[in-house]
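User: Hi! I am new to protein structures and would like to learn how to read one. Could you take me through it?

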Amino acid sequence: MFAVAIDGPAGAGKSTISRAAAKEIGFLYVDTGALYRAVAYDILKNRIDPTDQKAVCERLSAIEVHFGYEGKEQQVYLNKENVTDKLRTPQVSAAASLVSAIGPVRQFLFSQQQDIARENNIIMDGRDIGTVVLPNAQVKIYLTATTEERARRRFDELWKKGESVSFQAVLSDLIKRDENDMNRKVSPLRQAPDAIVVDTSKMDLAQSVQAILTIIKKKIGQGTK
């Protein structure tokens, strides 16, 4: 199987770009962040403080989260409920950043991610895909953009969904999440040594997808050496 690992900070466009690129070349798209968001959603729904690691870990035994696919479109199921459309709020994003720093949570979801990669040609995005989950991926990309541009994109996304938020609040949350992701003790956000950096700050979606596809197709053309 051929694996593409795409890592990068929040709001860099990983999900949108990876999904489009996967569709273009017929690969399965795997948004690992959605798994952590599902856990975070469950934690919040059950009024558990995401900073209370003991309580979060105790809740894991009552959580069943997995991917389903409608065609090539990923759906996220939490205890058999499709929660895909409930996972992109600022509250869930903030909680996901906290619970994803907890070792047992990462271990809880780790095998699911690797199982999918063993059985499919995939583009998988997250924070530690190229460094931890799929260290032998044939292609590793570190997708990024400036903090302000990432905040603007997230702000636009939330407004289109009807969320009433201020740009400053989105920017502040993004900066905080970057700090959490990069400084956590377990699987912090890092650029893998052999990852190719793609900065999409001045690219639109089509240009960003093309940049990713160019890298992938070049590697496929070279074989898997």
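Predicted model: local features only at pLDDT ≥ 70, side-chain atom pairs only at ≥ 80, totals over all residues.

User: How do I read burial, and why is helix α4 described as largely enclosed by the rest of the structure?

Analyst: Buried means under 20% relative accessible area, exposed over 50%, and partly exposed in between (1.4 Å probe, protein chains only). Helices are DSSP runs of H or I with at least four residues, strands are runs of E with at least two, and both are numbered from the N terminus. Helix α4 spans residues 90-99, and seven of its ten residues are buried, so the rest of the structure largely encloses it. Those buried residues are P90, V92, S93, A95, A96, S97 and V99. Their cover includes α2 (32-45), α3 (53-59), α5 (103-119), α7 (147-160) and α8.

User: What is a nonpolar core, and how many residues does the largest have here?

Analyst: A nonpolar core is a set of buried Ala, Val, Leu, Ile, Met, Phe, Trp, Tyr and Cys residues joined through side-chain atoms within 4.5 Å. The largest here has 37 residues, and V39, V76, I122, M124 and L134 have the most contacts inside it. Helix α2 gives the most to this core, with eight residues. Another core, of 19 residues, lies apart from it, and I17, F27, I141 and I212 are among its members.

User: Which residues does I122 touch?

Analyst: Contact means heavy atoms within 4.5 Å. Not counting residues up to four places away in sequence, I122 touches F2, A3, V4, F27, L28, V30, I116, A117 and L134.

User: Next, salt bridges. How many does a search of the whole structure find?

Analyst: Side chains of opposite charge can pair when their charged atoms come close. The rule for a salt bridge is a side-chain nitrogen of Lys or Arg within 4 Å of a carboxyl oxygen of Asp or Glu. A search of the whole structure finds 17. One of them joins E58 and K54, at 2.6 Å from N to O. Both residues lie in helix α3, four residues apart, which is about one turn of the helix. K54 counts as exposed, at 59% relative accessibility.

User: Which parts does the pair D178 and R150 tie together?

Analyst: Their side chains meet in a salt bridge of 2.7 Å, N to O. D178 lies in helix α8 and R150 in helix α7, so the pair ties together parts 28 residues apart in sequence. D178 is buried, with a relative accessible area of 9%, and R150 counts as buried at 4%.

User: Finally, is R184 buried or exposed?

Analyst: R184 counts as buried, at 7% relative accessibility. Its place is in the loop between α8 (167-183) and β8 (196-199). A polar contact is a pair of N or O atoms within 3.5 Å; within protein, one must be able to donate a hydrogen and the other to accept it, and residues adjacent in sequence count only if both atoms are side-chain atoms. The side chains of R184 and S100 share such a contact, of 3.1 Å. A polar atom of the R184 side chain also lies 2.7 Å from the backbone oxygen of S187.

Methods: Residues numbered from 1 in each chain as written. Heavy atoms only, no water.
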